Amino acid sequence: MDTATPQYDKQDLRSFLTQYEASHPDQVMRVSQPVALDYDTVALAFELEARKQSPVLIFDNVTGSRFPVLMNLFGARDRYAAALGVTVQQLPQAWASTDTRPLPPDVLTTGPIKDVVLTGDDVDLGYLPIMRNFVEDGGPYVTNAMFIARDPETGVRNASFHRLHVKGKTRFGTSLHSRRHLWNYARKAKAMGLTELPVVVVIGCHPLITIGSGLWKGPIDADEYEAAGGFLGEPLKVVEGVTGPVDIPAFAEIAIEGRLLLDADEDEGPFGEFTGYASERSTRHALEVTAILHRKDAFYHTIVGGMSDEHTMLLGISQEARQLKTLRVQYPNVTAVHYPKSGTCLLHVYVSVKDPAPGEARNIALAALGDNLSLKLVVVVDDDIDVFNEQQVIWAMATRFQADTDTDTIKVGMGAILDPSNHAGQTAKLIIDATIKKKPFPRRHSLPRESTEEARRLADALLK
């Protein structure tokens with residue numbers, strides 16, 4: 001019997017899973033026990049999270065599913081770092097610098113994504129194990145839906161994530177609530193007199209494709225398949241669409257071709273969002289499905305919804321890398337950026353800066369607010385504060401900040417429409433300057449490095 005490890009293409013999700021499990025065997029949990037399609041998989045992910053664990057989850061026995069279900073792939077920072085081949089500490093800088101090398105994609109004649117192709121009367125969304133995540137959800141949702149669309153004028157490809165609510169055999173409701181590139185494509189297409197926009201929805205691919213396309217946020221005229229090539233270090237391999245003109249990553253797990261209906265005005269939601277609330281806010285778009293494609297041995301790759309580690313981290317890490325790069329253009333002394341889960345990894349940010357000049361912390365905070373419309377709170381600290389350690393940030397606020405002189409408020413600004421406290425898409429913004437303003441300032445207490453290193457070795461021995 002041949003027990004050799006299967007060899008997959010570099011752009012294959014399995015190549016990453018195989019390598020990651022080999023180096024982190026305790027971080028991949030395979031669940032062979034039967035679980036229900038609705039709620040059970042998500043409930044287990046949250047239970048493990050409550051126990052301070054966030055492993056990759058592979059469910060082999062989901063009731064009614066012909067596919068194994070993969071979940072929580074993006075539930076820990078070390079997986080993003082592993083995909084990029086760097087340490088967790090190097091992750092933001094590595095992510096921020098990788099997009100400087102875009103590569104045009106290679107079009108193949110075929111690929112594993114075309115192992116099984118369903119068109120015409122064979123198209124039925126019930127074929128896929130699309131699950132209901134939360135009691136409050138309006139129905140089953142695809143949570144890992146990476147939309148690929150082309151600019152209706154230039155043909156440039158954009159990738160972005162949007163929730164998909166099953167509304168019928170061949171129909172989804174969706175919301176373009178991010179108000180970013182796909183939303184602009186839809187507006188442009190409608191102004192051109194078009195009634196639909198061809199799209200492909202990719203469900204499951206190598207993390208570097210997710211990072212390089214779906215999570216990467218560049219200018220609207222940048223082709224995000226080319227950005228994915230930059231992250232991969234080689235051209236993204238794609239195949240032509242079956243029922244539409246949008247290319248598909250050749251080694252993706254599952255793809256859904258369809259038409260985004262620009263004149264639709266249909267109910268969609270509610271859906272358990274990253275804020276921890278069931279959101280009924282929606283742009284009320286719809287997607288008519290024309291084909292389902294998948295590998296013969298496909299994973300159904302879903303994302304844990306709601307305010308989970310996975311959902312929020314997907315938002316936060318990409319924002320950290322992008323904003324670090326953006327802020328350093330004008331402020332090279334910015335040392336780190338962190339979007340904490342306590343702020344849903346989107347609404348709050350902590351920024352550290354080395355030796356800020358008088359007033360510079362406020363400028364940096366304003367630049368951060370202008371760069372990300374969703375932000376409501378920016379806390380700026382000195383570079384001796386670890387922004388990834390929230391206790392240190394709060395300590396800096398307790399000891400370096402005065403509420404009467406070190407805050408600024410913008411009363412009306414554009415905000416995230418999924419924030420339940422917003423006012424018709426508008427929100428207030430708060431800046432907290434928790435940097436040291438007066439010199440000399442009391443010194444932090446410390447221990448000799450030799451003593452801390454010896455204490456670490458002793459603790460390791462005592463706690464074995």
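## Buried sites and a helix pair in a predicted model

D433 lies in strand β23 (residues 426–433), where strands (E, at least two residues) and helices (H or I, at least four) are DSSP runs numbered from the N terminus. The structure is a predicted model, in which local features need pLDDT of at least 70 and side-chain atom pairs count only at pLDDT 80 or more, while totals for chains, interfaces and linings use all residues. Residues are numbered from 1 along each chain as its sequence is written, and side-chain values use heavy atoms, with hydrogens and water left out.

**Buried residues**

D433 counts as buried at 6% relative accessibility; buried means under 20% relative accessible area, exposed over 50%, and partly exposed in between (1.4 Å probe, protein chains only). Neighbours within four places in sequence set aside, D433 is in contact (heavy atoms within 4.5 Å) with A361, R362, V380, R400, F401 and D406.

E224 belongs to helix α7 (residues 224–232). Residues up to four places away in sequence not being counted, E224 touches R157, N158, A159, H181, G212, S213, W216 and G218. Between E224 and L346 there are 122 residues in sequence and 22 Å in space, C-alpha to C-alpha.

| Residue | Relative accessible area | State |
|---|---|---|
| E224 | 1% | buried |
| C205 | 3% | buried |
| C345 | 7% | buried |

The structure holds zero disulfides, a disulfide being a pair of cysteine sulfur atoms within 2.5 Å.

**Helix α3**

Helix α3 (residues 77–84) is largely enclosed by the rest of the structure, because six of its eight residues are buried. The buried residues of α3 are R77, R79, Y80, A81, A83 and L84. After α3 comes G85, with a positive phi near 75 degrees.

**Helices α8 and α9**

The axes of helix α8 (residues 309–330) and helix α9 (residues 360–371) come within 10 Å and cross at roughly 130 degrees. These axes are lines fitted to C-alpha atoms, for helices over the stretch in contact, and the angles run from 0 to 180 degrees between N-to-C directions. The two helices, α8 and α9, are therefore oblique to each other: angles under 35 degrees count as roughly parallel, over 145 as roughly antiparallel, 65 to 115 as roughly perpendicular, and the rest as oblique.

On the α8 side, the contact is made by R322, Q323, T326 and L327, and on the α9 side by I364, A367, A368 and D371.
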